[in-house]
Amino acid sequence: MSFTIVPQATPRLHRSELAVPGSNTGLFEKAAASAADIIFLDCEDAVAPDDKEQARKNIIEALNDMDWGNKTMMVRINGLDTHYMYRDVVDIVEACPRLDMILIPKVGVPADVYALDMMVTQIEAAKKRTKKIGFEVLIETALGMANVEAIAQSSPRLEAMSFGVADYAASTRARTTVIGGVNPDYGVLTDKDANGNRSYFWADPWHAAQTRMMVACRAYGLRPIDGPFGDFNDPDAFIAAANRVAVLGYEGKWAIHPSQIDLANKVFTPSDAEVTKARRILAAMDEAAKAGKGAVSLDGRLIDIASIRMAEALLAKADSIGLAA
């Protein structure tokens with residue numbers, strides 16, 4: 001390991017992140033009863049301008065009066081370039097001790113996060129809040145992606161980053177009108193085979209951006225979270241998208257519809273086979289250590305100290321879900 005040790009963000013179960021418009025109070029009870037790990041009540045894109053003030057009031061009332069169980073509760077504030085943002089922060093943070101996190105949209109530079117940190121720190125001190133509020137930022141613009149490594153280091157409150165594919169596509173002028181899906185024009189054509197035939201394979205146009213954000217998160221102790229998948233009538237495509245980012249190292253994905261919650265939870269929950277394999281790796285390495293060996297073979301494959309770190313990370317996640325006991 002490097003001599004530079006980066007502290008890890010506050011650990012939270014973050015397999016599914018449910019988006020709930022603050023203007024639609026009819027969804028609040030269903031959200032509270034859902035299996036989502038994290039819920040964000042939205043003041044931003046899901047709320048029309050004329051409804052912003054009422055949505056803020058709805059959120060304050062819901063956070064104070066409803067039983068949200070042990071879920072992490074988060075509010076997505078309006079953008080820093082709007083006149084709604086400061087009142088979102090002041091009114092909600094001052095009035096809602098149940099609030100756990102703030103989701104900051106369209107973060108472009110580290111100073112965006114710094115500004116929110118200053119505001120929240122002052123409110124916490126003035127109101128004598130004992131629970132420190134965490135931040136999640138949305139990387140959803142070309143500017144944000146260009147500065148993603150610096151943003152990842154912008155505040156000790158920062159816990160997670162989400163990749164906001166829709167606004168990112170708009171910002172980069174990507175040729176797509178879907179949210180989180182692939183495009184048949186983005187693919188590779190093979191060389192001709194002996195018979196002159198060629199195959200065409202679709203690829204994922206968001207892979208490079210998702211990878212860059214993931215590396216920034218993991219380098220600086222944050223949780224990488226994938227954003228929305230717009231077609232909630234296509235669970236197979238949602239699962240495919242979730243599996244792709246899970247393989248990269250993401251911890252969870254947004255759910256913009258209740259039907260996507262269980263899908264995300266399943267994808268980002270270690271399987272019984274994975275948990276069993278991780279336990280076997282730790283047991284095998286323990287035996288190797290007793291024998292004075294730094295590496296050992298398990299099921300015909302080499303395992304070493306890196307294998308221990310991967311196994312321990314998987315078991316820590318399983319333990320947070322209640323699977324590793």
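This is a predicted model: local features need pLDDT of at least 70, side-chain atom pairs count only at pLDDT 80 or more; totals for chains, interfaces and linings use all residues.

Q: Which way do β3 and β4 run when they pair?
A: Strand β3, residues 72-76, pairs with β4 in the parallel sense, over 3 bridges. R76 sits opposite L103 of β4.

Q: And what does the chain pass through from β3 to β4?
A: Helix α3, residues 85-95. This β-α-β crossover is right-handed.

Q: How many bridges join β4 to β5?
A: There are 4, and the two strands run parallel. β5 spans residues 134-139. L103 stands opposite E136 in β5.

Q: Which helix lies on the way from β4 to β5, and what is the hand of that crossover?
A: The chain goes through helix α4, residues 110-127, and the crossover is right-handed.

Q: Switching to charges. How many salt bridges does the structure hold?
A: The structure holds 21. One of them is between the side chains of K106 and E44, at 2.7 Å from N to O.

Q: Where do K106 and E44 lie?
A: K106 is in the loop between β4 and α4, while E44 is in the loop between β2 and α2 (52-65). The pair therefore ties together parts that are 62 residues apart in sequence.

Q: Buried or exposed, that E44?
A: E44 is buried, with a relative accessible area of 5%. K106 has a relative accessibility of 32%, so K106 counts as partly exposed.

Q: Which residue does D91 form a salt bridge with?
A: R87, with the closest N and O atoms 3.0 Å apart. D91 and R87 are 4 residues apart in helix α3, so about one helical turn separates them. D91 is partly exposed at 24% relative accessibility, and R87 is partly exposed at 31%.

Q: What about K290, which partner does that one have?
A: K290 forms a salt bridge with D286, and their closest N and O atoms are 3.4 Å apart. Both residues lie in helix α11, 4 residues apart, about one turn of the helix. K290 counts as exposed at 63% relative accessibility, whereas D286 is partly exposed at 38%.

Q: Which residues do shared partners join into one network?
A: Salt bridges that share partners join D42, E44, D45, R76, K106 and D167 into one network.

Q: On to pockets. What volume does the largest pocket have?
A: About 1,400 Å³. The largest pocket is lined by 40 residues, and R218, M310, A313, L314 and K317 lie nearest its centre.

Q: Which elements give two or more residues to that lining?
A: They are α8 (207-219), α11 (272-290), β12 (301-303) and α12 (305-321). α12 gives the most to the lining of the largest pocket, with 10 residues.

Q: How do the lining residues of the largest pocket divide?
A: Into 23 nonpolar, 8 polar and 9 charged.

Q: And the second largest pocket, what is its volume?
A: The second largest pocket has a volume of about 330 Å³. It has 17 lining residues, of which D45, R76, P228, W254 and I256 lie nearest its centre. D45 and R76 also belong to the salt-bridge network.

Q: Which element gives the most to the lining of the second largest pocket?
A: β1, with 3 residues. β1 (16-21), β2 (38-42) and α7 (165-171) each supply at least two. By class, the lining of the second largest pocket has 11 nonpolar, 1 polar and 5 charged residues.

Q: Last topic. How many cavities of 30 Å³ or more are there?
A: The count is 1. About 70 Å³ of space lies in the largest cavity. The largest cavity is lined by 13 residues, and G180, W206, Q210, D226 and K253 are the closest to its centre.

Q: Which helix supplies the largest share of the lining of the largest cavity?
A: Helix α9, residues 235-248, with 3 residues. The lining of the largest cavity has 6 nonpolar, 3 polar and 4 charged residues.

Methods:
Residues are numbered from 1 along each chain as its sequence is written. Side-chain values use heavy atoms; hydrogens and water are left out. Two strands pair if DSSP finds at least two bridges between them. A crossover is right-handed if, with the strands pointing away from the viewer, the path from the first strand over the helix to the second runs clockwise. On a 1 Å grid over the protein atoms alone, a cavity is a set of points where a 1.4 Å probe fits but cannot get out, and a pocket is an open set with protein on both sides within 12 Å along at least five of seven lines; lining residues have an atom within 4 Å of a point. Grid points are joined across faces, edges and corners, and a volume is the space filled by probe spheres set on the points. Ala, Val, Leu, Ile, Met, Phe, Trp, Tyr, Cys and Pro count as nonpolar, Asp, Glu, Lys and Arg as charged, and the others, Gly among them, as polar. A salt bridge is a side-chain nitrogen of Lys or Arg within 4 Å of a carboxyl oxygen of Asp or Glu. Buried means under 20% relative accessible area, exposed over 50%, partly exposed in between (1.4 Å probe, protein chains only).
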